[in-house]
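Here is a short briefing to read with the model open beside you.

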Amino acid sequence: AGAWREYSFDAAALGARCEGYYGVRPRGGWLEQWSGGYAIADRKLTSNLIWSNGRLDPWHGGGFLEQADALRGGAVFVMEQTAHHQDL
């Protein structure tokens, strides 16, 4: 035991609990379906996107780091000494 505890995730039980509390069930793939997932920059309906990346984000190398990476009308901001969530 110690600091570790037994835990198993049960999606069906979670869905039932959400439905009981809130009257809805989780839609696992909804965000990706709605936003376009990894193809968001290829969507014809998106515009005026702001891509913020901090050099301290561990994944910043996979982000939009140059203005040329953004869609037309979008903007890229690279913050040298911070992360996109640093102020949270």
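The notes below go from the whole chain to single residues and their contacts.

This is a predicted model, in which local features need pLDDT of at least 70 and side-chain atom pairs count only at pLDDT 80 or more, while totals for chains, interfaces and linings use all residues. Residues are numbered from 1 along each chain as its sequence is written, and side-chain values use heavy atoms, with hydrogens and water left out.

**The chain as a whole**

- The chain has 2 helices and 2 strands; these are DSSP runs numbered from the N terminus, with helices being H or I runs of at least four residues and strands being E runs of at least two.
- Reading from the N terminus, the order of the elements is α-α-β-β.
- Of the 88 residues in the chain, 15% are buried; buried means under 20% relative accessible area, exposed means over 50%, and partly exposed lies in between (1.4 Å probe, protein chains only).
- If you take the contacts between residues at least 6 apart in sequence, 47% of them join residues at least 24 apart; a contact means heavy atoms within 4.5 Å.

**Helix α1 and its two ends**

- The 12 residues of α1 should span 16 Å at 1.5 Å a residue, and this agrees with its end C-alpha atoms, which are 16 Å apart; the expected span is 1.5 Å times one less than the number of residues.
- At the start of α1, a side-chain oxygen of Asp 10 comes to within 3.1 Å of the backbone nitrogen of Ala 12.
- After α1 comes Gly 23, which has a positive phi, near 80°.

- Tyr 7, Phe 9 and Leu 14 make a nonpolar surface patch of about 360 Å²; patches are made of residues with over 30% relative accessible area and no salt bridge, joining like charges within 9 Å and nonpolar side chains (Val, Leu, Ile, Met, Phe, Trp, Tyr) within 5 Å.
- Tyr 7 sits in the segment before α1 (11–22).
- Tyr 7 counts as exposed because its relative accessible area is 59%.

**Salt bridges**

- How many salt bridges does the count come to? The count is 2, where a salt bridge is a side-chain nitrogen of Lys or Arg within 4 Å of a carboxyl oxygen of Asp or Glu.
- Another salt bridge pairs Glu 80 with Arg 55, whose closest N and O atoms are 3.4 Å apart.
- This pair links distant parts of the chain, 25 residues apart: Glu 80 is in the segment after β2, and Arg 55 is in the loop between β1 and β2.
- Glu 80 is partly exposed, with a relative accessible area of 45%.

**Around the strands**

- Arg 55 is partly exposed, with a relative accessible area of 33%.
- Not counting residues up to four places away in sequence, Arg 55 touches His 60, Leu 65, Val 78, Met 79, Glu 80 and Thr 82.
- The C-alpha atoms of Arg 55 and Met 79 are separated by 6.2 Å, although these residues are 24 residues apart along the chain.
- Thr 82 is found in the segment after β2 (75–79), and it counts as buried because its relative accessibility is 19%.
- Which residues does Thr 82 contact, leaving aside its neighbours within four places in sequence? They are Gly 54, Arg 55, Leu 56 and Asp 57.
- Gln 81 is also in the segment after β2, but Gln 81 is exposed, at 69% relative accessible area.
- Gln 81 and Leu 56 are 25 residues apart along the chain, with 6.5 Å between their C-alpha atoms.
- Asn 53 lies in strand β1 and is buried, at 7% relative accessibility.
- Beyond its neighbours within four places in sequence, Asn 53 has contacts that include His 60, Phe 64 and Phe 77.

Conventions: Areas by Shrake-Rupley, 256 points an atom, 1.4 Å probe, with all protein chains shown as cover. Polar contact = N/O pair within 3.5 Å; in protein donor to acceptor, adjacent residues only side chain to side chain.
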